[in-house]
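Please examine the sequence and the structure shown below.

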Amino acid sequence: RMQVARGVLFIFLLSIGTMWWPLLGGAEGDAPEISAEAAALIDVSSGRILYGKEADKRMRIASITKIMTAIIAIENGDLQKKVTISKQAEGVEGSSIYLKAGERIPLEHLLYGLMLRSGNDAAVAIAEEVGGSVEGFVYLMNEKAAYLGLQRTQFANPHGLDDDEHYSTASDFARLSAYALKNPTFQEIVRAQVKTVPWPGEEWHRKWYNKNKMLRIYPGADGVKTGFTKRSGRTLVSSATRNGQQLVTVTLNASDDWNDSMALLNYGFRHFPQTRVVKKGEIVDSITTSEGKRFHVVAAEDFLYPLMKEEKSKLNREKMFTYPKAAIEEVGQQVGTLRILLEGEPIGTVPLVTVEKKETSVLEDWRLVLAYMMGRE
């Protein structure tokens with residue numbers, strides 16, 4: 001009996017561990033095993049892809065398409081303008097917010113219906129308003145994809161219903177989502193768990209609950225979009241913010257997408273924390289001009305980047321001056337850039353500006369030199 005009891009206890013603990021494994025982050029080291037056929041993980045601020053599984057494979061994307069639809073509408077439309085719903089929009093198949101032909105509804109409300117309830121009717125209404133027609137809007141979608149460098153992406157509609165000419169990749173949609181999340185209006189819409197809007201002609205308001213379950217089950221979740229068709233399988237773009245760092249996961253054709261996203265987000269936050277590589281005001285050089293003026297050259301801003309622990313020793317810096325040092329004349333002058341490299345590859349630059357050089361002791365001068373060489377704050 002004791003052995004049976006121990007066996008039951010072991011199975012119980014194993015099932016509990018499996019249930020909570022994604023929230024705990026899994027084991028140290030390797031990236032988690034996931035169900036998705038294709039996936040990507042990106043740091044929003046830097047745009048660095050932190051993880052990929054078949055990330056460049058062409059895939060059907062379903063309703064995560066609406067991320068592109070929304071950002072184009074936000075950037076090009078008047079959110080307060082009332083849009084007249086057409087018969088074409090009313091009759092579109094699939095998920096719906098039940099728009100009626102002739103109804104007039106602000107573009108902003110359509111965007112909430114698009115992103116929270118995945119309304120295909122809202123997608124068509126938005127496309128007709130912003131692009132002049134669905135075809136015109138699709139042209140804008142593909143123009144934007146080209147502008148963002150999404151080389152393996154092509155759109156055929158604004159909603160994501162299956163079409164052989166409508167596809168993308170996990171890495172392309174990670175980059176698109178990171179771009180869209182830098183827009184405050186987009187971020188506000190996709191993080192909303194519920195939105196109530198007037199419903200003209202009815203006795204009650206429309207109340208839309210967000211289909212994105214991540215907002216309720218994952219601490220720090222703040223977006224983005226769900227998707228599904230029989231041919232695409234389950235698609236999901238998830239974002240979360242922790243300690244000021246925002247990450248995005250994309251999973252395509254994933255039977256266990258919620259757990260996939262949680263596991264990948266935990267992996268990213270644990271192994272690629274946002275690291276301050278350069279501190280604003282950090283002294284990187286000291287100069288004396290031909291006229292005897294003395295300046296420090298300092299970093300004009302912070303530079304943050306997601307890094308694994310072992311990558312910190314692989315960072316290098318290159319000072320690149322725009323002017324000959326002898327030609328520098330005043331405090332506050334931008335005189336060049338500090339180039340940051342990881343394993344010899346550039347990952348960013350920081351402007352360099354002049355500040356007044358104050359008298360310091362020899363010990364202080366050596367401290368500054370050592371701090372710069374070691375990349376310390």
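The charged end of Arg-58 is placed over the ring of Tyr-167, at 3.9 Å from its centre. A charge sits over a ring if NZ of Lys or CZ of Arg is within 6 Å of the ring centre and within 35 degrees of the ring normal. Lys-195 likewise lies over the face of Tyr-112, 4.5 Å from the ring centre. The model is predicted, with local features needing pLDDT of at least 70 and side-chain atom pairs counting only at pLDDT 80 or more, while totals for chains, interfaces and linings use all residues. Residues are numbered from 1 along each chain as its sequence is written, and side-chain values use heavy atoms, with hydrogens and water left out.

Rings of Phe, Tyr and Trp (its six-membered ring) pair if their centres lie within 6.5 Å; planes under 30 degrees apart count as stacked, over 60 as edge-to-face and the rest as tilted. By this rule there are four aromatic pairs. One of them joins Tyr-267 and Phe-272 edge-to-face, with 6.0 Å from centre to centre and 70 degrees between the planes. Phe-303 and Tyr-305, in contrast, are stacked, because their planes stand at 15 degrees with the ring centres 6.0 Å apart. Tyr-51, Tyr-267 and Phe-272 make up one aromatic cluster.

Ala-180 belongs to helix α7, residues 170–181 (helices, H or I of at least four residues, are DSSP runs numbered from the N terminus). Ala-180 and Val-44 are 136 residues apart in sequence, yet 9.5 Å apart in space, C-alpha to C-alpha.

Key. Helices (H or I, at least four residues) and strands (E, at least two) are DSSP runs, numbered from the N terminus.
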